[in-house]
Amino acid sequence: MNDLPEIPTARREYTPPRPTKPPSYAGRQRLVVLGALLLGVGVGGLWFLVFQGNARTPAATAAAPSTTVAEVPSLDAPSADPGLLSHHPYAVAPQSELTAISRSPEKTVYLRDSAARQYTRMAAAARRDGVVLVPISGFRDLKYQENLFNRNVVRYGGVEEARKISAPPGYSEHHTGYALDLGDGKAPNTTLQASFERTAAFRWLKANAKRYSFEISFDRGNPQAVSYEPWHWRFIGDKGSLETFYGNSFTNEQPSDTP
Ligand SMILES: [Zn+2]
């Protein structure tokens with residue numbers, strides 16, 4: 001058998017042979033009883049196949065419970081450390097509600113229409129104050145987030161570490177189209193770094209972003225226990241965004257109607 005090279009031949013050869021004896025009279029009687037039982041099982045099985053007419057075999061049915069039992073420990077494992085698993089699930093924004101806020105040969109950054117309008121006004125106001133806001137990342141679909149997360153699992157050596165750096169697919173604020181990562185056009189080496197908090201862009205955002213209904217999502221000591229991200233901001237200026245980030249208590253809030 002050439003297809004079993006990983007099993008050492010010697011080990012199989014040295015398996016001690018089982019002692020064999022010719023069956024005694026009582027042994028032969030047991031064989032007769034066993035044969036009758038097998039015949040019964042065979043007839044019963046045939047009846048089952050003919051009258052049930054079902055593709056599902058008894059063997060498959062019997063195997064199911066043991067599979068379920070085997071999966072329980074792995075499903076329970078994440079809840080052992082809830083402090084690191086506090087990204088919230090978010091719905092993915094429909095393509096029809098996205099507007100480009102920046103275009104470059106490498107990448108186009110999109111936000112939801114309402115957030116895009118306010119971001120454009122905010123970036124223009126910053127520019128008048130001599131500050132260059134650069135959109136690094138806006139809307140992300142599930143596939144993009146999956147690739148990003150898997151890359152971080154490899155880079156940081158596991159799912160737990162990757163969760164501190166980025167959300168798993170389905171759990172990123174970027175799916176909503178209301179969140180974006182911002183850089184400082186005059187300090188590109190601080191992009192997606194904690195040192196972004198020492199840039200003119202960050203100081204300007206801290207002082208002015210709320211006038212355009214943007215807030216920092218993951219400040220120091222945030223209740224979700226996500227790593228501090230001074231570059232990550234979210235829009236909270238209309239009904240959809242408020243419901244997304246603060247729940248249904250804002251249902252009666254008037255949506256922002258600024259142009
Ligand atoms: Zn972000």
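Colleague: Which residue in strand 6 is the bridge partner of D181?

Modeller: In strand 6, D181 has H232 as its bridge partner, where helices (H or I, at least four residues) and strands (E, at least two) are DSSP runs numbered from the N terminus. This is a predicted model, in which local features need pLDDT of at least 70 and side-chain atom pairs count only at pLDDT 80 or more, while totals for chains, interfaces and linings use all residues. Residues are numbered from 1 along each chain as its sequence is written.

Colleague: In what order do the four strands of the open sheet lie?

Modeller: Two strands pair if DSSP finds at least two bridges between them. Here the four strands form an open sheet in the order 3-4-6-5, with antiparallel pairing. Strand 3 (133–137) and strand 5 (214–216) stand at the edges with a single partner strand each, so one side of each has no neighbour in the sheet. Neighbouring strands are turned by 45 degrees against each other on average, direction ignored; axes are lines fitted to C-alpha atoms, for helices over the stretch in contact, and angles run from 0 to 180 degrees between N-to-C directions.

Colleague: How many bridges join strand 3 to strand 4?

Modeller: Four bridges join strand 3 to strand 4 (residues 179–184), and L133 stands opposite D184 in strand 4. Strand 4 pairs with strand 6 over three bridges, and three bridges also link strand 5 to strand 6, where I216 has W233 as its partner.

Colleague: Which way do the residues of strand 6 point?

Modeller: In a regular strand the side chains alternate between the two faces of the sheet. In strand 6, H232 and R234 point one way while W233 and F235 point the other way, and all are buried, a residue being buried if 20 or more other C-beta atoms lie within 10 Å of its own, exposed if 12 or fewer, and partly exposed in between, with C-beta atoms placed from the backbone.

Colleague: Which residues touch the most other members of the largest nonpolar core?

Modeller: A nonpolar core is a set of buried Ala, Val, Leu, Ile, Met, Phe, Trp, Tyr and Cys residues joined through C-beta atoms within 7 Å. The largest one has 27 residues, of which L111, Y119, L182 and W233 touch the most other members. Its largest share, five residues, comes from helix 4. Leaving aside neighbours within four places in sequence, L182 is in contact with residues including L133, I136, A201, L205 and W233; a contact requires that the C-beta atoms, placed from the backbone, lie within 7 Å. Helix 4 (residues 113–128) itself lies across strand 3, strand 4, strand 5 and strand 6 (232–235), running at about 125 degrees to strand 6.

Colleague: Why do the buried residues of helix 5 line one face of the helix?

Modeller: An α-helix has 3.6 residues a turn, so residues three or four places apart point the same way. In helix 5 (residues 142–156), Q145, L148, F149 and N152 are buried. Seen down the axis of helix 5, these buried residues fall within an arc of 95 degrees, so they line one face; the arc is that of the directions from the helix axis to the C-beta atoms. They pack against helix 6 (159–165), whereas K143, N147 and V154 are exposed on the other side of helix 5. Just after helix 5, G157 takes a positive phi of about 80 degrees.

Notes:
Contact = placed C-beta atoms within 7 Å. Expected span 1.5 Å × (residues − 1).
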